[in-house]
Amino acid sequence: MVRFLMVFLLGTMLFTCATAQNNYLPPPSQDYFSGRTFTEADSLRGTLGPARANYDVTYYELHLDVDPVEHLIDGYVDMEYLVTGPLPILQLDLYENLEIDRIEQAGKNLRYTRKENAVFVQLPAGMEADSTRHRMRIKYGGQPTEAKNAPWDGGFVWALDQRNRYWVGVACEGDGASLWWPNKDHLSDEPDSMLISITVPERLFAASNGNLREEVELEDERKKRYDWFVSYPINNYNVSINIGHYTHFSDTYQSADGEELALDYYVMDYNVAKARKQFKQVEAMLKAYEHYFGKYPFWDDGFALIETPYLGMEHQSGIAYGNRYMRGYLGGLIPSDMDWDYIIVHEAGHEYFGNSISVADHAEMWIHESFTTYMEALYVEYHYGEEDARRYLESQRRFVTNEEPMLGPLGVNFTDFKTSDHYYKGAWMLHTLRNVLDNDPLFFGMMRSFYQDHVRSIVSTKEVVDYFSEYAGTDLQPFFRQYLMHPTVPVLQLRHNGEQVEYRLQADVLGLAMPVGVFIKDEPVRLLTTENWQPMGKGFGMDDVRIDTSRFLVDIQRQQPEK
């Protein structure tokens, strides 16, 4: 019989922290990103100076005529906004390769200057902070940035479908919506609603976000105009247009309380049969996410999938779908015995985290991607079971690199993460937290409560950590500091003192203590690890100890005795 000491953690205080410096969550050290350079254009885009901070956009109207032959766009944006502080100069954003014809307000042309991709508009004197809604029109046009590898780099996708007909899409996360329309291109400010009006050659159909309000034939120009309306706040990079020979079909989803959600699908006319079969998975996805987080957040605008010439993107209420009606991710990525569409499950997860709950800075994109990637595992858990969900997560561990922090530098338009750790490592961080808490009702209650209390809002890393700490009744900041702000994960160190095995936790965050699940000769044991050496037991060696890698993202290090 094997004899060993099992150390269990009791009570609510799961973490301890020896130093006061861990009682806050500052940005990560710039040392981790010392090889990156930030230009003046980055600062103009990423910083909230007075020319941006002192006004709040309430509404956009985007009117755009798209020429798929010449790859040109021409149109205007009407922007309604409130002045919230001194604002002699207002900063807009528009890529410098697009020309501005004029900017006007209250019937008068306004003076402006341009620098990099920023536009500085001189406002009339006497504008003060009050409840007056001002309306500015920006007339512009030109040849927009073309994406080389959408959606990983931003721009227009000028493509041809299988029948050699024009097929156009736009994806711009990271690069910013200002690569194709003028706006306040900062994640902190979302309009309350938006009209998207697209004019295209009459033989083509234009699909966008929200609901189609009107379809107008412009007979003199042999064009058609499609007016789409978004009735909820929307972040700018989620606005998109899709142009092609689309066929539309629809369905409905009934929520647990009996309310019906409109489901709309826009697919290439030769893919209707495939789409009708593949998109039946939408109901299973919506049911799983409703179970964990609540009803789909943009109910009045409906849920839509729009086939695109690129892989996919979480465009709010009009998700870009380009997975070619295959299982997994273009036929791979998920375990071979599972059959579900990765793009449907992942991108629709972003309707909850990314679109409903958003961040104000790209450096905090872990909130979008980590939660959504973990939602994939929750989808599997709901439909397949917890064991399969852990197996799915284990299949993703090979993508965790531990090369840099998941939290980037703030205020500089940082999008240049070298790895996908803010997806996969972030999901594993949440999964590890679940198993550290070892209380699924608490964990899932916390996740659902956080989502419900922040639905359709902008959050920060600090707000997430503070909320989770308060809900769990313990200080989770040391845990999040380690996983978010340092490249490496905690290490369970083992040594043999000549009589028995001892263990401790090595971490970058001083004083971090957390339970870690291990197997000792295949028997499960839950250790409360601290920075101090503790006895584990006798009758076994260090090689008999292994981490429970289905539940914890923790490394192990066996120290050899000194000779």
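## Close-up views of a predicted model

**View 1. The largest pocket.** The largest pocket has a volume of about 810 Å³. Of its 29 lining residues, Pro151, Trp152, Glu369, His422 and Tyr423 are the closest to the pocket centre. Strand 19 (312–313) and helix 5 (342–349) are the elements that give two or more residues to this lining. Helix 5 gives the most, with four residues. By class, the lining holds 13 nonpolar, nine polar and seven charged residues.

The structure is a predicted model: local features need pLDDT of at least 70, side-chain atom pairs count only at pLDDT 80 or more, and totals for chains, interfaces and linings use all residues. Residues are numbered from 1 along each chain as its sequence is written, and side-chain values use heavy atoms, with hydrogens and water left out.

Terms for this view: a pocket is an open set of points on a 1 Å grid over the protein atoms alone, with protein on both sides within 12 Å along at least five of seven lines; a cavity is a set of points where a 1.4 Å probe fits but cannot get out; lining residues have an atom within 4 Å of a point. Points are joined across faces, edges and corners, and a volume is the space filled by probe spheres set on them. Helices (H or I, at least four residues) and strands (E, at least two) are DSSP runs, numbered from the N terminus. Ala, Val, Leu, Ile, Met, Phe, Trp, Tyr, Cys and Pro count as nonpolar, Asp, Glu, Lys and Arg as charged, and the others, Gly among them, as polar.

**View 2. The cis bond at Pro151.** The peptide bond from Ala150 to Pro151 is cis, with omega near 5°. Pro151 lies in the loop between strand 8 (133–142) and strand 9 (155–160). Pro151 is also among the residues closest to the centre of the largest pocket.

**View 3. Two cavities.** The whole structure has two cavities of 30 Å³ or more. Arg45, Gly176, Asp185, His186, Leu187, Asn235, Asn236, Tyr237 and His362 line the second largest cavity. Here the classes are two nonpolar, five polar and two charged.

**View 4. Tyrosine pairs at helix 4.** A search of the whole structure finds 44 aromatic pairs (rings of Phe, Tyr and Trp, its six-membered ring, with centres within 6.5 Å; planes under 30 degrees apart are stacked, over 60 edge-to-face, the rest tilted). Tyr289 and Tyr352 pair edge-to-face, 5.9 Å centre to centre with 75° between the planes. Tyr289 lies in helix 4 (residues 281–293) and Tyr352 in the loop between helix 5 and strand 21 (357–359), so this pair ties together parts 63 residues apart in sequence. Tyr289 is buried at 0% relative accessibility, and Tyr352 is buried at 1%. Buried means under 20% relative accessible area, exposed over 50%, and partly exposed in between (1.4 Å probe, protein chains only).

Tyr292 and Tyr382 also pair edge-to-face, at 6.3 Å centre to centre and 75° between the planes. Tyr292 lies in helix 4 and Tyr382 in helix 6 (residues 366–383), so the pair links parts 90 residues apart in sequence. Tyr292 is buried at 10%, whereas Tyr382 is partly exposed at 31%.

**View 5. Arginines over rings.** Arg276 lies over the face of Phe249, 4.5 Å from the ring centre. The charged end of Arg397 sits over the ring of Trp428, 4.5 Å from its centre. A charge counts as over a ring if NZ of Lys or CZ of Arg is within 6 Å of the ring centre and within 35 degrees of the ring normal.

**View 6. Strand 18 between its partners.** Five of the five residues of strand 18 (residues 303–307) are buried, so the strand is largely enclosed by the rest of the structure. Phe303, Leu305 and Glu307 are buried on one side, Ala304 and Ile306 on the other. Strand 17 (residues 260–268) runs parallel to strand 18, joined by four bridges. Leu263 has Phe303 as its bridge partner in strand 18. Three bridges join strand 18 to strand 20, also parallel. Ile306 has Ala320 as its bridge partner in strand 20. Two strands pair if DSSP finds at least two bridges between them.
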